[in-house]
Amino acid sequence: MIQMTIKEQINKDFIQARKDKEALKISVLRIIKSHFDSFKIDNGRDMDDKEEINYLLKEQKQTEEAIQFANEAGRDDLVQENKEKLAIISNYLPTMMTQEDIESFLTEKGVADMAMKDAMKFSMAELDGKADKKVISQVVKNLLAK
């Protein structure tokens, strides 16, 4: 069976959400779709998988921050709405690598023997869209400190 791209899945789910009259899902998917479309217009090409994932990760992080701010402001209605939005966005993200997975991958690749600059550059390029950048950075620093 052919695997659907993130964009294809979002388009399919957007159509279904419109049929089901799911207002929040329609809104979230419309924003994502418009970003993908804007990228295509601006760059003359579709986003590749890594670019789509990185955009969704950025949206996920912004939504998590919005939840935190809403919590601090005591706005339970916004907390709930953003949690639902976060669940929608998360559906399109692959499972991120754990800290242990990252550590074993980078150890296998010999990152501990590299200079900090080279280790970071290599690690970020290899694990882009597969793991949280903060976790990658921390693992690289830990490996180089040994």
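Which pattern does the protein follow when read along the sequence? In this predicted model, the order is α-α-α-α-α-α-α, with seven helices and zero strands in the protein. Helices (H or I, at least four residues) and strands (E, at least two) are DSSP runs, numbered from the N terminus. Residues are numbered from 1 along each chain as its sequence is written, and side-chain values use heavy atoms, with hydrogens and water left out. As the model is predicted, local features need pLDDT of at least 70 and side-chain atom pairs count only at pLDDT 80 or more, whereas totals for chains, interfaces and linings use all residues.

Along the principal axes, the C-alpha atoms fill a box of roughly 55 × 40 × 30 Å. Of the 146 residues, 30% count as buried, that is, under 20% relative accessible area (1.4 Å probe, protein chains only). With contact defined as heavy atoms within 4.5 Å, 57% of the contacts between residues at least 6 apart in sequence join residues at least 24 apart.

Lys7 counts as buried because its relative accessibility is 18%. Residues up to four places away in sequence not being counted, Lys7 touches Phe36, Asp37, Asp46 and Glu52. With Asp46, the side chain of Lys7 makes a side-chain polar contact at 3.1 Å; such a contact is a pair of N or O atoms within 3.5 Å, of which, within protein, one must be able to donate a hydrogen and the other to accept it, and residues adjacent in sequence count only if both atoms are side-chain atoms.

Terms used: Buried means under 20% relative accessible area, exposed over 50%, partly exposed in between (1.4 Å probe, protein chains only).
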